[in-house]
Amino acid sequence: MIGTQSTLGVGPPGSALLFVIASPVGPYYPTGFKAISLEATDYAVRAWPGGVGDKKLGANYAPCIVPQLSAASRGFQQNLWLFGEEEYVTEVGTMNLFIALKNKETGQKELVTAPLDGTILEGVTRDSVLGLARERLAPNGWTVSERKIRMSEVAEAADEGRLIEVFGSGTAAIVSPVRNISYKGKMVDCGLKEDEEAGEIASQMKNWIEGIQYGDEDHKWR
């Protein structure tokens, strides 16, 4: 949507034009449905509380391009945006992020994504993954959480063998498996075997969502 009034200035437009673009898409990444590598980014911030991190605005994406190019120059497909001194995990590139890990005390499996605190985009794919996880994983003993999680917690889980898998979720990619994350000069292994391109949960989510989208599964969302 762009303002179309015949004046130049800062203020609400008196008229605007809404463009709706419909187009088929191929794989979000040229590599297709294969695991990607991320660089945990703490020197730049994707979104601040009270800003537009939860909106689909150009101003929410343009500042991310230079850090993404910088990460790409070091061999990483995307940035994993960390926030604050606590280094909370927020989003990966322009996607929501999901982390599957085992609880340190109880061993219970948990699927975690960042909460909608004003800095996280309320993506329909994010909502779909959460809905399917609560519908199909929770009955099998999983906890499905929308909570803040520190990158140090993810790294600790990986070191202790409790990190099951990590994947992004977004409109074009649906789900995007993550192989490793560069964090403080160390590579965090996200649980995939060398010959694996996706973990069990990411693969299931992709198949479940596509099954509903293409009408192969009769589901209440259709």
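**A guided tour of salt bridges and nonpolar cores**

Begin by selecting Glu110, which is buried, with a relative accessible area of 10% (buried means under 20% relative accessible area, exposed over 50%, and partly exposed in between, with a 1.4 Å probe and protein chains only). The model is predicted, so that local features need pLDDT of at least 70 and side-chain atom pairs count only at pLDDT 80 or more, while totals for chains, interfaces and linings use all residues. Residues are numbered from 1 along each chain as its sequence is written, and side-chain values use heavy atoms, with hydrogens and water left out.

Glu110 and Arg147 form a salt bridge, with their closest N and O atoms 3.0 Å apart (a salt bridge is a side-chain nitrogen of Lys or Arg within 4 Å of a carboxyl oxygen of Asp or Glu). Because Glu110 lies in strand β7 and Arg147 in the loop between β8 (143-146) and α3, the pair ties together parts that are 37 residues apart in sequence. Helices (H or I, at least four residues) and strands (E, at least two) are DSSP runs, numbered from the N terminus. Arg147 counts as partly exposed, at 25% relative accessibility.

Salt bridges that share partners also join Lys104, Glu156, Glu160 and Arg162 into one network. Within this group, select Glu156 and Lys104, whose closest N and O atoms are 3.3 Å apart in a salt bridge. Glu156 belongs to helix α3 (residues 151-159), and Lys104 to the loop between β6 (95-102) and β7 (109-113), 52 residues apart.

Glu39 is in strand β3 (residues 36-41) and Arg74 in the loop between α1 (65-72) and β4 (78-83). Is Glu39 buried or exposed? Glu39 is buried at 9% relative accessible area, whereas Arg74 is partly exposed at 43%. In the whole structure, a search finds 18 salt bridges.

Finally, turn to the nonpolar residues. The largest nonpolar core has 26 residues, and those with the most contacts inside it include Leu80, Val89, Met151 and Ile181 (such a core is a set of buried Ala, Val, Leu, Ile, Met, Phe, Trp, Tyr and Cys residues joined through side-chain atoms within 4.5 Å). Select Met151: leaving aside neighbours within four places in sequence, its contacts (heavy atoms within 4.5 Å) include Leu82, Tyr183 and Val188. A second, separate core of 19 residues includes Ala133, Leu137, Ile174 and Val175.
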